[in-house]
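Visitor: I have a model open and would like to learn how to read it. Where do we begin?

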Amino acid sequence: MTASGILERHGATSLIDIAIERARDGDASALFFSGSPGLGKSALLDYACESATGFDIGRCCGIEIGTDIAFGILNQVMAHMGASDEIECASRVPNVERLPFAAREFLRWATTQRQRPALLLLDDLHWSDHESLAIFHHYLACRKRAPVSLIGAFRPWPENATTFANSLSRMRRAEILELRPLSAGAARQMVVEHADGELDGAALEEAELACQGNPLLLIHFAKSYRRHPETEHSRARHCEEIPSKPGPNVVTLIGDEPKTVNYARVASVFGAKFPVSVVSQVSGVEARGAIEIVDKLSRWSLLHANGSFAEFTHALVRELIYDSIPELTRREMHRAIFAELHRIGYEPSVMAYHAVCGDLRGNQAAVEAAFLVGDRFWKGGSPATAKTWFETALAQLS
Ligand SMILES: Nc1ncnc2c1ncn2[C@@H]1O[C@H](COP(=O)(O)OP(=O)(O)O)[C@@H](O)[C@H]1O
Ligand SMILES: [Mg+2]
């Protein structure tokens with residue numbers, strides 16, 4: 001995204017410009033943006049990517065299920081830079097030596113003289129594995145002059161990335177900027193731009209109230225307003241069937257057609273990316289109906305369909321739907337998903353995740369899945385995560 005497309009983030013874009021100039025001069029700096037989903041963290045990393053002319057760029061993005069994959073973020077960013085071998089060799093040393101070995105290798109790689117400076121853009125660091133954060137921390141704490149700099153983004157929760165960035169900031173090795181919602185003026189401007197200027201005063205007021213300055217929600221509000229200028233919005237305001245947290249109403253996003261709501265809810269319980277057929281089976285929507293729903297939600301920019309899978313276009317979209325489900329229903333949905341995954345013999349880590357969220361105890365299949373996942377992490381060099389899964393397996397025995 002160019003600076004001209006970003007509203008009200010002059011402070012953030014100036015910090016990026018400064019960080020890039022410092023990095024060009026060989027200062028190993030780090031800049032982090034923190035904020036709730038939808039506030040524009042990734043958009044700022046896009047801006048940094050465009051602005052860093054003459055740099056080698058490595059970009060990566062944490063994913064929810066990746067937090068337990070040791071060195072996952074580091075491997076991703078190194079692969080993007082075409083330097084996978086530098087860290088890959090860590091997998092050849094025994095488990096307990098892997099972290100110090102990889103830290104040394106990364107430091108060696110980052111401090112090597114190179115033709116162009118490098119910039120690592122690390123998105124969604126709240127979903128980073130522990131090992132990658134430890135290595136970036138070690139590098140920044142050790143080196144002030146080096147040709148590799150970092151710009152990252154994370155949400156305040158889970159708090160591992162916040163703790164990591166705060167620690168660097170206390171050592172004066174990183175700057176953190178917390179993103180705030182847009183002002184009422186900028187929010188109105190965004191809605192008008194995305195709704196092609198067709199909104200009246202009442203709708204603008206509603207957008208302001210419902211979206212609370214969150215750019216992503218403002219875009220979806222404008223889009224849904226374009227679809228149903230009258231009905232959907234007045235319904236959304238008064239709808240009590242679907243409980244929602246204060247803030248934007250989920251009906252504004254997905255409407256209130258029961259099959260669509262049920263399908264979207266089960267999908268949100270499954271995860272950011274979900275198999276269309278499993279969600280169809282669990283939500284009781286027949287295959288053809290499921291395809292129509294996925295098509296419809298894709299046209300509304302809420303999902304991307306990709307073969308037999310579909311994915312929420314943004315974590316916030318999924319969260320809003322997930323948060324609108326009553327807690328007991330949510331737990332039942334996790335259990336039903338687990339049962340279906342077990343029936344078809346799905347990937348154990350996904351099964352284990354749903355068994356935990358569904359609070360399944362005394363279920364043999366849940367115990368086996370948790371044990372298998374623990375064993376996999378143990379063999380993969382992540383003993384702390386392995387221990388957590390073995391403990392989960394034990395707890396599920398009771
Ligand atoms: N300040 C802004 N001005 C205009 N559009 C924005 C702004 N911030 C975010 N957006 C748009 O809002 C959407 C969500 O932003 P995104 O960067 O994905 O949020 P985050 O990464 O914080 O979850 C994107 O379409 C983005 O282009
Ligand atoms: Mg993002």
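**Strands and sheets**

Guide: One point before the tour: this is a predicted model. Let us take one strand pair. Strand β6 and strand β8 (residues 309-312) run antiparallel, joined by 3 bridges.

Visitor: Which residue stands opposite Phe 309?

Guide: Pro 275 does, with Phe 309 sitting in β8.

Visitor: What holds strands of a sheet together?

Guide: Strands of a sheet pair through backbone hydrogen bonds, either parallel or antiparallel. Here, the pair belongs to an open sheet of 3 strands. Its order is β6-β8-β7, and the pairing is antiparallel.

Visitor: Which strands are at the edges?

Guide: β6 (273-275) and β7 (303-306) are the edge strands. Each of them pairs on one side only. Neighbouring strands of this sheet are turned by 25 degrees against each other on average, direction ignored.

Visitor: Which helix lies across β7 and β8?

Guide: Helix α15 (residues 287-299) does. Its direction is at about 130 degrees to β7. Look also at the loop between α15 and β7, where Ser 301 is found. Phi of Ser 301 is near 60 degrees. That is a positive value in a residue other than glycine.

Visitor: Now the other sheet. What is its strand order?

Guide: The order is β2-β3-β4-β1-β5. These 5 strands form an open sheet, and the pairing is parallel. At its edges are β2 (56-61) and β5 (175-178), each pairing on one side only. Between neighbours the average turn is 15 degrees, direction ignored.

Visitor: How many bridges link β3 and β4?

Guide: There are 5 bridges between strand β3 (residues 118-123) and strand β4 (residues 148-154), in the parallel sense. One place to look is Ala 118, whose bridge partner in β4 is Val 148. Helix α3 (residues 72-80) packs on this sheet and touches β2 and β3. The direction of α3 makes about 145 degrees with that of β2.

Visitor: Where is Pro 158 placed?

Guide: Pro 158 is in the loop between β4 and α7 (160-170). Check the peptide bond that joins Trp 157 and Pro 158: it is cis, with omega at about -5 degrees.

**Domains and the ligand**

Visitor: What are the domains of the chain?

Guide: The domain assignment gives domain 1 (3-178), domain 2 (184-242), domain 3 (257-324) and domain 4 (326-398).

Visitor: Why does ligand 1 lie between domain 1 and domain 2?

Guide: Read the shell of residues around the ligand. Both domain 1 (3-178) and domain 2 (184-242) give residues to the shell, so ligand 1 lies between them. In total, 18 residues surround ligand 1. The closest are Gly 40, Lys 41, Ser 42, Ala 43 and Pro 215. Elements giving two or more residues to the shell are α2 (41-51) and α10 (215-227). By class, the shell has 10 nonpolar, 5 polar and 3 charged residues.

Visitor: How many residues do domain 3 and domain 4 give to their contact?

Guide: Domain 3 gives 7 residues, and domain 4 gives 7 residues. Their centres, taken over C-alpha atoms, are separated by 23 Å. On the side of domain 3 that touches domain 4, α13 and α14 (276-283) give two or more residues. The largest share of that side comes from α13, with 4 residues. That side of domain 3 divides into 5 nonpolar, 1 polar and 1 charged.

**A helix pair**

Visitor: At what angle do the axes of α13 and α17 cross?

Guide: The axes cross at roughly 75 degrees and come within 10 Å. The helices are α13 (residues 258-270) and α17 (residues 327-344). That angle makes α13 roughly perpendicular to α17.

Visitor: Which residues make the contact?

Guide: From α13 come Arg 265, Val 266, Val 269 and Phe 270. From α17 come Arg 330, Met 333, His 334 and Ile 337. By class, the contact of α13 with α17 has 5 nonpolar, 1 polar and 2 charged residues.

Conventions: Residues numbered from 1 in each chain as written. Chains lettered and ligands numbered in written order. Predicted model: local features only at pLDDT ≥ 70, side-chain atom pairs only at ≥ 80, totals over all residues. Pairing = 2+ DSSP bridges. Axes fitted to C-alpha atoms, helices over the stretch in contact; angles between N-to-C directions. Contact = placed C-beta atoms within 7 Å. Parallel < 35°, antiparallel > 145°, perpendicular 65-115°, else oblique. Nonpolar A, V, L, I, M, F, W, Y, C, P; charged D, E, K, R; others polar. Near = placed C-beta within 6 Å. Domains from an automatic or database assignment.
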